[in-house]
Amino acid sequence: MSQSCKFSSGLELANLVVNSELLHRSWDAISDLEKRSRTHVPDLPLSVEYKDSEHPGVGTIVAFACPPSSVNVQQLERVGTDLVSADEIAGFFSMFDFVRTKVNPSFSVHKAAASLFSSHMHLLSLLKEKHGNSRPLIITGQSMGGSIASLFTLWLLGDIPTKATKRPLCVTFGSPLLGDRNFQNAISERPTWNSCFLHVVSPQDPIPKTFVSSYGYLSNSSISQTGYMPVGTFLFCSERDGDSACFEEPRSVVQLMLAMSSELEEEQRQKRNFQNVDYGLILERLKRYNPVRKEYSPLHQSNINPVEAETMIQLEAIGVKRLQGNQGNRMTTSLIANVASWTEDYLTQRRNIFDPTKKLNDIKIDMAYLEWYKKVSVEQGGYYDSYKLWRWKSRDEIKSRHEIMKRKRILTRYWRGIVDEAEQMPQKEGLAFRTRGLYAGTNYRRMVEPLDIAEYYGEGKKDYLTQGRPKHYRLLEQWLNEDKQPGTGNRNSRSKACSLTEDSCFWAHVEEATICCNVLKDGQSSLKDRETSRKRLVEFEQYAMDLINTYSVSVEVFLEQSSFMQWWNGYSELIDLIGGFLCQSPLRDFMKNKRYRNYA
Amino acid sequence: MALGDSIGLKEELIKKACNLAMKAHLKSPEKAYIWEKTTRSSTEAVCAFPGTWAVTDWYSRMPFGETKINIALFPSLKSIGMDELALVNEAFSSRFEQLLCNSQLEREVEKALSDRKQIVFAGHSSGGPIASLATIWFLEKYVRTNNYQKPPYCVTFGSPLAGDRIFSHALRRENWARYFIHFVTRYDIVPRVMFSPLSSIEAGLQQILLYTSSKSPYFQNESIGNSSGVTSCFMVVMRNASAVASHAACHLMGCTNLLLETVSSFIELSPYRPFGTYIFCTGNGKSVILQNPDAILQLLFYSAQLSSETEIARVVYRSLNDNLSYENDLQDCLEMQNVVHLNNLLELPLSSHANTNDEAAQLNTVLNDLGLSSRARLCLRAAGELERQKIQNQVNIDSNRDSIRKGLNEIQGYQTKCEVRKVGYYDAFKLQKDINDFNANVKRLELAGIWDEIIEMLKRCELPDGFEARKEWIELGTMFRRLVEPLDIANYYRHLKHEDTGPYMVRARPKRYRFTQRWLEHAEKMQAGSSSESCFWAEVEELRAKPFEEMKEKVVSLERRTLNWIHDDHLSRDVLFEESTFCKWWRNLPPKHQSESCIARLMNNI
């Protein structure tokens with residue numbers, strides 16, 4: 001539905017999340033775990049601990065912590081904010097290989113998180129085995145524990161089919177950002193993956209912001225200065241007002257963090273004293289203040305559009321507007337304008353996601369035209385040959401040929417687009433997508449590819465299969481083969497000939513066989529060529545016979561003027577003329593006795 | 001505009017309903033219902049139902065106590081095309097059904113009916129859902145089925161929610177929503193209770209019911225009203241109301257963040273939704289009227305929000321007393337006549353500080369008196385925007401009617417051309433021999449495209465609630481189905497699709513035909529599935545493929561229905577052409593069967 005008027009709904013989403021109590025249960029699990037690991041010596045290197053538990057009404061919660069974790073900021077100072085790129089940590093990246101896409105073939109992640117994750121592979125594998133299929137499943141952690149939770153969730157997502165309605169949810173509290181722009185792109189290409197990450201961030205928490213602002217402060221640049229980009233949804237919450245708002249659009253998230261950090265630096269210069277943000281306290285306040293109405297400074301413009309109004313309220317809700325104070329007023333105005341316009345763009349983009357089903361009906365009409373053409377061309381030797389040998393005749397025929405070429409063009413453009421898109425999608429999403437369009441796509445391939453073959457050989461070229469076959473046909477066929485359930489095998493139960501030859505490259509095989517015959521007929525051909533051709537002809541016989549036995553070729557193959565029949569005529573003469581063929585074969589038997597007359 | 005005028009009900013009658021509802025509650029809670037003692041000459045009859053006060057009278061089970069509606073008693077309470085039944089609170093609906101079985105209600109209603117009276121059903125608190133169900137029962141039984149000319153009204157005061165979104169959708173579709181008037185005072189907790197799962201409020205609800213029930217020893221007992229149990233119950237109710245309202249608002253706003261879906265899969269939210277007209281009383285004599293159920297849902301949460309944490313105790317106490325103050329509040333509202341009708345949600349001022357003209361200022365004061373923040377107003381706007389969008393979609397769809405008619409004319413022309421040759425268009429189409437067959441196929445596909453788009457919109461709830469009850473579309477859909485579905489069937493069997501997909505009727509029948517058939521069957525009050533004449537050929541094809549002995553019963557059934565369809569002109573006579581697939585098949589049935597068949601005469605007279 002095209003909505004002319006847009007809403008960002010970030011306030012409502014945050015409200016729903018807060019009321020769901022999922023955050024509170026996650027936090028409880030983290031607190032339990034951290035209580036347990038208090039005793040660690042602060043100078044030891046970071047390690048990974050976890051606690052898994054069942055919660056009635058919520059499901060399984062797996063919490064991660066990275067002790068020693070008494071003061072998260074100091075911890076972070078030790079491990080740094082460096083990114084590490086694809087090939088540097090071998091084991092780690094082979095595990096996350098599935099994240100790559102065609103558009104985003106390489107990515108970088110937070111080095112400390114990646115090495116921590118890979119050095120605890122054994123522990124994490126066991127955990128994956130245990131909970132990979134538990135649903136509902138929440139995976140959570142604070143600070144670096146949240147980074148491990150995110151990576152663990154991503155690892156699980158690699159095994160979950162996109163069509164699955166129950167996905168795990170990863171909830172982090174004050175966690176570092178995880179990866180660079182390529183990483184973010186690769187994840188947001190799969191909206192369902194992106195939807196599994198919820199990051200709770202207090203404006204008072206220095207950790208997440210370190211990843212966008214360590215080399216400078218507020219500027220208009222829309223990307224993070226350190227190369228990090230946020231993934232998933234961010235729930236910013238204000239302790240003072242007990243209010244919160246959600247943001248998903250990455251540039252806005254970065255800008256808001258930058259705005260928060262410029263304020264925070266000021267505050268911290270004065271205190272010089274880092275304390276962990278107490279998310280437990282914040283969550284309590286969010287809950288307590290939920291039924292209380294929040295009305296901040298009134299909106300003044302009367303004709304303000306909803307997204308702008310929402311953005312203003314959101315910034316107030318998370319305390320950014322207040323933090324900026326009076327002198328920051330101009331900055332706030334531009335921040336609101338930026339966030340509002342990015343949000344609007346983002347919404348437009350998300351709503352216009354290509355919907356192939358809508359066009360499918362139009363495409364069926366184009367197919368009907370071709371089907372009709374196939375039917376009427378039976379009198380001219382079948383649609384393959386009549387298309388290949390077409391000669392200028394009457395006006396009407398020119399018109400109808402133009403019509404067919406036009407339809408063929410539309411269909412090819414449509415399917416090439418669909419196939420491209422499906423191919424660009426990461427493996428698993430693509431697969432779901434491919435199955436849906438596969439039936440219609442197969443029909444298209446069987447109907448239209450013979451015409452492409454006709455054009456190809458009509459121009460005197462050869463070796464279509466290896467030299468000329470367009471990629472989208474190849475992929476459509478490959479996907480169909482992959483889609484066949486193992487075990488069901490080939491559908492041999494057919495009792496009647498199919499209306500479209502199953503192998504869309506049948507005619508290319510016929511053409512190649514004809515070329516082989518010509519080689520053998522030609523006295524100038526080399527011995528080697530003759531031998532190859534002879535071999536290929538025998539293979540072709542077998543191939544054709546297999547198709548006939550399973551009723552997999554359409555009846556029109558046996559029309560008198562068809563290329564196949566012409567091949568047969570030439571071939572049978574050839575056999576009599578030159579030796580070297582076995583004296584009998586099933587196909588020759590079938591053809592000589594004209595059993596094809598009963599083929600239907 | 002006066003309050004009574006804007007809802008189409010005399011103010012005297014509203015007052016009478018209120019007095020009687022409170023009287024039922026306070027004076028005769030042991031009776032199943034009471035009638036207003038009117039003189040014989042009065043043109044109205046008011047019937048009020050008292051509430052009941054055990055927790056099990058509200059929640060039959062965990063978590064929300066809903067069940068599928070009894071469709072035999074309430075045949076309209078479903079979505080037609082999707083064929084999904086409404087959900088209703090089980091405790092309330094079984095109480096109503098028992099009341100209907102065990103009391104004189106039906107007899108007394110029919111008495112009032114024979115006196116041509118205007119009936120009003122009323123109820124306070126849990127008496128409200130009983131009044132609502134009685135009204136729907138009346139509408140189904142006497143208005144829809146027997147065309148009684150005076151539809152009843154239902155007036156409730158502080159009623160809990162009783163039905164889900166389909167319940168509300170169906171009432172709007174039947175154009176019955178306007179007969180339901182629900183009064184809600186600003187903080188009354190009862191209309192919000194059903195947003196919470198029983199487990200989270202059981203103890204608190206018990207206390208609230210003790211406080212508000214006139215039979216209870218704790219009726220209006222101050223210590224209960226101020227107890228911590230009630231306070232925490234209020235907070236839980238508000239949090240749940242908030243969750244339901246935010247979740248609904250995300251959808252109203254067209255939220256694209258899939259986190260919504262992921263989070264929703266973890267939580268179970270109340271299915272209950274408001275229906276009918278709501279009148280919110282601000283408590284200082286002003287009132288807000290609205291009909292958009294999405295907006296009402298938002299208002300149920302936002303109007304009861306606290307303005308600061310410090311007023312919790314005051315508001316909680318008031319949330320109980322507000323449930324008992326309807327007589328006074330109504331009196332105030334009718335005297336003040338400061339009424340705002342929120343029918344233009346799109347123009348709602350977002351700022352609480354509008355300072356333009358008088359009308360806007362008055363609107364703003366009332367909205368402020370209900371405590372509506374900018375956030376609340378954004379949600380109301382979103383509800384208005386969605387409504388506007390649905391209407392716009394309907395306008396777009398309506399503009400397709402001409403192309404549909406043109407397409408149908410062409411297919412009709414095709415049928416006629418075939419008839420001239422004494423060939424049924426089903427058989428001709430199945431052969432696809434000449435260019436006319438091909439052209440008809442293209443038309444079929446074009447029409448399918450238009451209809452599929454409509455069905456998609458219905459599935460995504462993107463059209464106004466009333467769409468499936470619009471006469472012109474039901475007629476057009478029926479015409480389309482009878483004329484074009486045979487071609488879809490022909491295409492299906494021509495391509496031998498049944499060999500791998502199975503019978504047409506089972507898995508292959510497109511939704512555009514399933515939906516349109518249900519539209520007609522609902523509008524004409526026919527038995528479900530009885531208007532399957534457009535699938536005639538699919539039945540023939542399936543019967544033809546199997547030996548007669550196995551299919552005997554089905555053959556007889558088809559023959560019987562065929563006779564009626566031909567007689568009623570619902571099936572075109574070209575199926576009877578001598579060379580039609582149908583006739584050829586029938587003539588090969590055992591002669592004994594033929595001679596005994598109900599269509600023997602029809603077939604032999606060809």
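Predicted model: local features only at pLDDT ≥ 70, side-chain atom pairs only at ≥ 80, totals over all residues.
Which side chains meet in a salt bridge at 2.6 Å, N to O?

Residues are numbered from 1 along each chain as its sequence is written, chains are lettered from A in the order in which they are written, and side-chain values use heavy atoms, with hydrogens and water left out.

Let's look at chain B. Its domain assignment gives domain 1 (3–341) and domain 2 (398–604); such bounds come from an automatic or database assignment. Taken over C-alpha atoms, the centres of these two domains of chain B are 45 Å apart. In the contact (heavy atoms within 4.5 Å), domain 1 supplies 13 residues and domain 2 supplies 11.

Together the two domains bury about 1200 Å², with carbon and sulfur atoms giving 56%. By buried area I mean accessible area (1.4 Å probe) that two parts lose on being put together, summed over both. On the domain 1 side, B:Ile80, B:Gly81 and B:Arg144 lose the most area, together 46% of what that side buries.

Now, back to my opening question. The pair is B:Asp465 and B:Arg172. A salt bridge here is a side-chain nitrogen of Lys or Arg within 4 Å of a carboxyl oxygen of Asp or Glu, and the rule finds one across this interface. Helix H6 (residues 165–173; helices are DSSP runs, H or I, of at least four residues) gives the most to the domain 1 side, with three residues.

Note on methods
Helix = DSSP H or I, 4+ residues; strand = E, 2+ residues; numbered from the N terminus.
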